[in-house]
Amino acid sequence: MTGPDAAPFVDRPDGDLAREVASAPAGHAAAAEGELYRRFARRVRLFGLRYLRDGMAADDLAQQVMLIAIERLRAGEIRNPDEIGSFILSTSRMVATGLRRTERRRQDIHMRVEVTEPTAMPRDERFFDADRIRPCLASLRERERTILLLTFYAERTATEIAVGMGMSAGAVRVARHRAVAAMRDCLEARRSA
Amino acid sequence: MTTRSSACLSMGELSDYWTSDASPEDVERIETHVFTCGACTDLLAAADQLRRRVGDVVRAGAVQAFVTDGLLNQLARDGVRVRSYAMNAGGSVQCAVWDDDEILVTRLRADFSGVTALDAVMRLDTGEEWGRASDIPVPEGSREVIMALPAELVRRAPEVPIRLTLRSSAASPGESPLAEYTFDHRGAHTRRSG
């Protein structure tokens, strides 16, 4: 019978990995640290894309936050490793606030993290490509396509779109949800085809 | 494995995260969930990809849609080369695209009183259907809808008249069209230097 410790890292809960990092001598749980990094760096990066609106700044944020998280785990400073996701999210908010405050600090962090954390940032470029997007966009109803373009290209709010299209903001959001779901179904179907 | 702390979010909900529409409560809920759920992290990344790729497709002039002046302004700011025509109901225009055009825009004008949505059909003068659109939104009081076509698509169109017919989406079968327009398509032109 195989014990839980022998399970592949990818199948282990976040809390297990965090506990392993916390209980091992510093630097002796590299695989668990790597798996935590793989799981959480992309979440922090996505968070950073929303708040910092810049891919490089989001990369910096992810590296800085993960560095803090791993160091705090190694030092036994995270009281409840099962709440590692919550700790990383609150650290992301704190660091992002600092990053937004000064561009100079962003550049300092970039230089420092490049030296201390050479791990490649996970990318999310595999989902959709333009060749699949075009026919799926074309398959939408006109109203839904217009709403999608105004939202994601022109970056208009539902209220602004509603005024321009003679709809309520709620109806715009419903139509956008429907359009996004239809796009996802279409893109998945084309990926598996 | 990141465990699921609560029910997973829909792609629609997650796509709100990338807009300014999400309330602080929505944002908090999405972030808290995503930081404990691997499946929703994938979906959030997919929603991010979707919004960026939609933008890429528009900037490349590869989108066919009914658009607004706001979107045309954004295209201008992005440096997309747009050729524009305007037509009244029953009108015709000699139209062509040039080799550096990226999007062809036509303002289709008519009396749309009482109409909230339109269906459009484009036919070659042979009767062959060339394009179709349904549920084109018409804001109250609007006297035009703006059709955008990729210049590349127009370049490949046959050099024959193309007739566009607009009907109310709520019209019964056999009801007269609201407006018709004729594109006397003259093909693609090349600018000669010197």
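Colleague: How do you know how confident the predictor is in chain B?
Modeller: Look at pLDDT, the predictor's confidence in each residue, from 0 to 100. Chain B averages 90, and 94% of the residues score at least 70. This is a predicted model, where local features need pLDDT of at least 70, side-chain atom pairs count only at pLDDT 80 or more, and totals for chains, interfaces and linings use all residues. Residues are numbered from 1 along each chain as its sequence is written, while chains are lettered from A and ligands numbered from 1 in the order in which they are written.

Colleague: What is the mean pLDDT of chain A?
Modeller: The mean for chain A is 84, and 83% of its residues reach 70 or more. Within chain A, confidence is lowest in helix α5 (residues 103–116), at a mean of 51. Confidence is highest in α7(A), at 95. Helices here are DSSP runs (H or I, at least four residues), numbered from the N terminus.

Colleague: Where does pLDDT stay under 50 in chain A?
Modeller: Over residues 113–119. The model has eight contacts beyond four places in sequence for that stretch. Where pLDDT is low, the predicted coordinates should not be read in detail.

Colleague: What makes two residues a contact?
Modeller: Their C-beta atoms, placed from the backbone, must lie within 7 Å. By that rule, 49 residues of chain A are in contact with 51 residues of chain B. α7(A) gives the most to the side of chain A that touches chain B, with nine residues. That side divides into 24 nonpolar, eight polar and 17 charged residues. Here Ala, Val, Leu, Ile, Met, Phe, Trp, Tyr, Cys and Pro count as nonpolar, Asp, Glu, Lys and Arg as charged, and the others, Gly among them, as polar. For the complex, the predictor gives an ipTM of 0.89 and a pTM of 0.83.

Colleague: Why are α2(A) and α3(A) called oblique?
Modeller: Start with the angle. The axes of α2(A) and helix α3 (residues 55–74) of chain A come within 8 Å and cross at roughly 140°. Axes are lines fitted to C-alpha atoms, for helices over the stretch in contact, and angles run from 0 to 180 degrees between N-to-C directions. Under 35 degrees counts as roughly parallel, over 145 as roughly antiparallel, 65 to 115 as roughly perpendicular and the rest as oblique. So α2(A) and α3(A) are oblique to each other. Their contact divides into 13 nonpolar, two polar and three charged residues.

Colleague: What is the handedness of the crossing of α2(A) and α4(A)?
Modeller: That crossing is right-handed. The label is left-handed if the near helix is turned anticlockwise from the far one by less than a right angle, and right-handed if clockwise. α2(A) also passes α3(A) in a right-handed crossing.

Colleague: Why are α2(A) and α4(A) oblique?
Modeller: Their axes come within 10 Å and cross at roughly 40°. Therefore α2(A) and α4(A) are oblique to each other. Among the α2(A) residues that meet α4(A) are A:Phe40 and A:Phe47. By class, this contact has eight nonpolar, two polar and one charged residues.

Colleague: What is the angle between α1(A) and α3(A)?
Modeller: Helix α1 (residues 14–23) of chain A packs against α3(A) at about 60°, with their axes 7 Å apart. That makes α1(A) oblique to α3(A). A:Ala18, A:Val21 and A:Ala22 of α1(A) make the contact with A:Ile70, A:Leu73 and A:Arg74 of α3(A).

Notes
Helices (H or I, at least four residues) and strands (E, at least two) are DSSP runs, numbered from the N terminus.
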